[in-house]
Amino acid sequence: MRGSDYLVKRSAFAVITVFVAITINFFLFRVLPGDAVSNLARIPTATPELRHALRVQFGLDKSAWEQYWLYLGQLLHGNLGISFANQQPVRDNLVTALGNTVPMVAIGTVVAIVIGILTGVLSAVRRHTVADHVSTNLAIAFYAFPTQFLGMMLLILFAGLLPSAGMSDPFALGDVSFGSHLADLAKHMVLPAATLALTLYGENTLIVRSAMLETLGEDHVLTARAKGLSRRAIIRKHALRNAMLPTVTMIGLSLGSIVSGAILIEVIFSWPGIGSALYQAVLQRDYPMLQGGFLVITVTVILLNFVADLAYFRLDPRITS
Amino acid sequence: MTADLATAPLLEVAGLHVWFELPGGRELHAVQDVALTLEAGQRVGLVGESGSGKTTTALTIMGLLPSSAAAAGRVAVRGEDLMPGLENGFRSHRWTDIAMVFQGAMNAFNPVRTVGWQIAEPMIAHGTATGSAAKARVAELLELVGIPAAAATRYPHEFSGGMRQRAAIAMALACEPKILLADEPTTALDVMVQAQILDLLTRLCGDLGLALLLVTHDLGVVAQTCDDVAVMYAGEIVERGRIDALFHDAEHPYTRALFAATPDLYGDEPVASIPGSPPDLARPVVGCAYRPRCPLAFAPCVDVRPVLAPVSATTATPPGTQPLTEPLTEPSTEPARHLVACHAASSARAT
């Protein structure tokens, strides 16, 4: 069966990629100058004995290979280690952070994809009209904006109207009903989610537009016209369907950049998500936290690409392996 | 067959001009005053080299010119002129009256839809068949062109080149058109498959009473398939007539050169190429477009454009040059079938 073959191959590829990423993550952070102990023991009374005790406690006295094997073994048991910084299990830290990040990033991404597809299709169908020029130039502008710049501009512009930092109002103690909590959360989410949506949508528009234009210029679209189909039917049944192929792949790939975008956005808007957590972990040389965070990011990117692959497989009958 | 004389021809193209807008405001006059008629069951070849306007002519008949093109003239199906309505005028006639088999059937199919779905699509769009009736019709059409009906659920990339071309023909027949335009239907196919496709087209025209306009650069293909030929050069039809008349007694030096450029399987005659290249149609052509390459060019060719005129019967077959070959069938309804646009041909006749 063409389906199961493809699935097995793609899954194996995904698993191997995850393993390679874990290994690189592990060694990458140990190449960085400085370590957690020198950071933690930066107090005047730190004796060599205290330093040594800390080293032993964190297992940093062992060789890199020994640490690597220990890490892999624990990882298989679902143990991501203890954060150097706050002494909590990394897994708990990550679950909390992810719980905060996922809704914000998901909303921003979905909005970016929906707007990107709508404006991209409109631009292609109304090519060379004013609407196309406006939409395409806007898309290029937003695509070109650095995330941090756009984030700060939105912050400056809307800081009075919308909450500009954190996930909730720390002084809203009176009314603690679920509804008002949700409304507060939504208000706080507008700016970071909008920043993410705006930085992503431009690229999506351009991808969808060029994919649509390429498809509309293909011979089979001429055949569809020759068959006497209406313009609407041609766009819906032929152009859109075929333009989805490159769109799915490219959007799947671009989703990987959400993570880096999320780090910048979360730092700017003090969003207590995985981006902020990683930023803190880098500053504190918190290896277990960094490794855990990067593991989550890696697996997310690989998983999204895997999903894009499956979608592509569903959409394109020519793919056999 | 007197009724045919009274009614309008099945397809009539008259005074057809097509211009392409070029960057910088210039215009390319791609098709110039082309006239053609097609009757049921008639097979006409439209021959010419690349850029001679033959494909553009076919696309204009379908109303499929790109937006950068402008067309003028008459394209009429059974007397109804389609040109004034443009997009809307043509759309209702597409596939139900005129269907087209495109060059390179690989790309004529949407790669992500099954062949059966694509054959059924125009039936559903035009309401000629739906649901299981459409499915049955797809099976019938596939069998008609020699493809097993079960192949309807397969995708274009699973077909061989020849099968795809057959499927393209089946698709063209979906709504029982009266006129079939075939644009280089056998290019990129090997000789055996090419012969099969041409046989199929000829058979279908006979069985279904289809009128066929075959656009090709290959004289061999025309000779194998068509009754009549129109030779295009630089956007104009320069000679028109029955295939045997043109084959034996071509009047236009370009037609003669084209035949001379075709390799002869049985003779030892060398293949003669035509020196020079066709004129740039972005500039107005004065006089005869073929003059710079013509060995017979003389004074009037420089500034007077030759028009299509009948070759008189005596000139076409001078007594004595041909043995007595009485036509077995009735002579065709049109009195002058052999037309040529050449000063040299008419002056030769005059002397």
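A crossing of two helices is left-handed if the near helix is turned anticlockwise from the far one by less than a right angle, and right-handed if clockwise. With that in hand, here are some notes on this predicted model.

1. **The H12–H13 pair in chain A.** H12(A) passes H13(A) in a left-handed crossing. The two helices, residues 274–283 and residues 287–315 of chain A, pack at an angle of about 145°, and their axes are 9 Å apart. H12(A) brings Ile274(A), Ala277(A), Leu278(A), Ala281(A) and Val282(A) to the contact, while H13(A) brings Met289(A), Leu290(A), Gly293(A) and Val296(A). By type, the residues of this contact come to 8 nonpolar, 1 polar and no charged.

2. **Chain A as a whole.** You will find 13 helices and 0 strands here. Taken along the principal axes, the C-alpha atoms of chain A fill a box of roughly 85 × 55 × 40 Å. Chain A has 321 residues, and 33% of them count as buried. Among the contacts in chain A with a separation of 6 or more, 74% are between residues 24 or more positions apart.

3. **Helix H4 of chain A and what follows.** H4(A) covers residues 64–76, which is 13 residues. From its first C-alpha to its last, H4(A) reaches 18 Å, close to the 18 Å expected at 1.5 Å a residue. After H4(A) comes Gly78(A), with a positive phi near 80°. Do look at Gln87(A) too: its place is in the loop between H4 and helix H5 (90–125) of chain A. Gln87(A) has a positive phi of about 60°, although it is not a glycine. Is Gln87(A) buried or exposed? Gln87(A) counts as exposed because it has 7 C-beta neighbours inside 10 Å, and the cut-off for exposed is 12 or fewer.

4. Strand S1 (residues 11–21) and strand S2 (residues 27–38) of chain B run antiparallel and are joined by 8 bridges. Within this pair, Leu16(B) stands opposite Val34(B) of S2(B). The hairpin has 5 residues between the strands, and Gly24(B) takes a positive phi near 95° in it. S1(B) also pairs with strand S4 (residues 69–77) of chain B, in the antiparallel sense and over 8 bridges. There, Glu12(B) has Ala76(B) as its bridge partner in S4(B).

5. **A backbone angle to check in S2(B).** Asp33(B), found in strand S2 of chain B, has a positive phi of about 55° although it is not a glycine. Asp33(B) is partly exposed, because 18 other C-beta atoms lie within 10 Å.

6. **The open sheet of chain B.** What is the order of the 8 strands in this open sheet? The order is S6-S7-S8-S3-S9-S10-S12-S11, and the pairing is mixed. At the edges are strand S6 (98–101) and strand S11 (309–310) of chain B, each pairing on one side only. S6(B) pairs with strand S7 (residues 179–183) of chain B in the parallel sense, over 4 bridges.

7. **Cys226(B).** This cysteine is found in the loop between helix H9 (219–225) and strand S9 (228–233) of chain B. Why does Cys226(B) count as buried? Cys226(B) is buried because 25 other C-beta atoms lie within 10 Å, where 20 or more is the cut-off. Leaving aside neighbours within four places in sequence, Cys226(B) is in contact with Arg43(B), Val44(B), Gly45(B), Leu214(B) and Ile243(B). Glu176(B), 50 residues from Cys226(B) in sequence, is 21 Å away in space, C-alpha to C-alpha.

8. **Where the chains meet.** In this model, 21 residues of chain B are in contact with 18 residues of chain A. On the side of chain B that touches chain A, helix H4 (105–108) and helix H5 (115–126) of chain B are the elements that give two or more residues. H5(B) gives the most, with 4 residues. By type, this side of chain B divides into 12 nonpolar, 6 polar and 3 charged residues.

Note on methods:
Residues numbered from 1 in each chain as written. Chains lettered and ligands numbered in written order. Predicted model: local features only at pLDDT ≥ 70, side-chain atom pairs only at ≥ 80, totals over all residues. Axes fitted to C-alpha atoms, helices over the stretch in contact; angles between N-to-C directions. Contact = placed C-beta atoms within 7 Å. Nonpolar A, V, L, I, M, F, W, Y, C, P; charged D, E, K, R; others polar. Pairing = 2+ DSSP bridges. Expected span 1.5 Å × (residues − 1).
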